[in-house]
Amino acid sequence: MNPKVEEIKQQLDQFRVEAGEHLEAFRLQFLSKKSELQQLLGEIKNVTPELRKDFGQKVNDLKQYAQQLFDDYKEKIENSATIQTSGIDVTRPAVLYTTGALHPVSMVMNQVCEIFEMIGFSTVSGPDIEDDWHVFSALNFPQDHPARDMQDTFFVNVNPEFLLRTHTSSLQVRTMESCLPPIRVICPGRVYRNETITARSHCIFHQVEGLYIAKDVSFAEMKQVLLFFAKEMFGEDTKIRLRPSYFPFTEPSAEMDIECKICGGKGCNVCKHSGWVEILGCGMVDPNVLNDCGIDSKKYSGYAFGLGIERMAMLKYKINDIRLYFENDVRFLGQFG
Ligand code: PHE
């Protein structure tokens, strides 16, 4: 084999043609008048007659091979050009689709419900737009209670008999009216209060309220259930404390604090340097409420509690501004998925 033929064959195989300008370089190097291959063709006539046939054959084969490569490359490049001009840029990097995730409020709400479901509570739901009876009157709110005021409650303009529920205790009333004891329910849902929006309070937030009614229910039982909940939610080493409080529908009433998870009880901004943070309200259901909802308070007693989900999620994820939940900024929401 002629070493020159072999060399040009190698060059042909190594030459990469990926764009129009490469194609022209290929043509100049292998097919133009001045190319080495063309010169070899010119030399055929100078070769001695015995070798000429064989040499001529090889050089001509090489020339055909080069032409074939050139034609193939040309077709390929022209095809990709038509795809590009037809509006589809096949070289563009693909867009990655990211999947959605639950909102942190939904995540914490589900978690709270799951904990109470583990110990036998069933979940109930109901309307956001309520009437005065289910939100206030049945729950022993006096006529002049400030929560009934326009400043605290959103009323429906066309008919002020209706209002946006200020707590999901309305669902406890609905359950007591329609079910016979024993009753063991939790009521998750969105609630509305006419409050100024700040880092610590919002006019919309979420609650999970609970109600247990049976014979001889004690305050100690409630405390034990709430301690179980706090440990499941915030960890086995969580400490709780109950402080006396007041709600129109429970007697006695209390507020429950947990030891601040952010400073470990040492005192910080979140716990206002007390080492404790309030997480829920609770108490023994007032006999008036039981009677108003058709349950005999001489036979039955019960406890109720209510907690705010945003507050719970703030403690769990160390979030310091409640407004973040409602701004729908994906940079914030993406951290919980
Ligand atoms: N409904 C009360 C609130 O919204 C919470 C609560 C529920 C308190 C049940 C005691 C018993 O603040």
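Reader: At what angle do helix H1 and helix H2 pack, and how far apart are their axes?

Author: Two packed helices are described by the angle between their axes and the distance between the axes. In this predicted model, helix H1 (residues 3-14) and helix H2 (residues 20-31) pack at about 175 degrees with their axes 11 Å apart, where axes are lines fitted to C-alpha atoms over the stretch in contact and angles run from 0 to 180 degrees between N-to-C directions. H1 is therefore roughly antiparallel to H2, a term for angles over 145 degrees. The helices are DSSP runs (H or I, at least four residues).

Reader: Which residues make the contact?

Author: Ile8, Gln11 and Leu12 of H1 meet Phe26, Gln29 and Phe30 of H2, with contact meaning heavy atoms within 4.5 Å.

Reader: Which residue forms a salt bridge with Arg148?

Author: Side chains of opposite charge can pair when their charged atoms come close. Arg148 pairs with Asp132, the closest N and O atoms being 3.1 Å apart, under the rule that a side-chain nitrogen of Lys or Arg lies within 4 Å of a carboxyl oxygen of Asp or Glu. Both Arg148 and Asp132 are buried (under 20% relative accessible area, 1.4 Å probe, protein chains only). By this rule the count comes to 16 salt bridges, and Arg241, Arg243, Glu255 and Asp257 are linked in a network of them.

Reader: Which conventions apply to residue numbers and pLDDT?

Author: Residues are numbered from 1 along each chain as its sequence is written, and side-chain values use heavy atoms, leaving out hydrogens and water. Local features need pLDDT of at least 70 and side-chain atom pairs count only at pLDDT 80 or more, while totals for chains, interfaces and linings use all residues.

Terms used:
Helix = DSSP H or I, 4+ residues; strand = E, 2+ residues; numbered from the N terminus. Parallel < 35°, antiparallel > 145°, perpendicular 65-115°, else oblique. Buried < 20%, exposed > 50% of the residue type's maximum accessible area, 1.4 Å probe, protein only.
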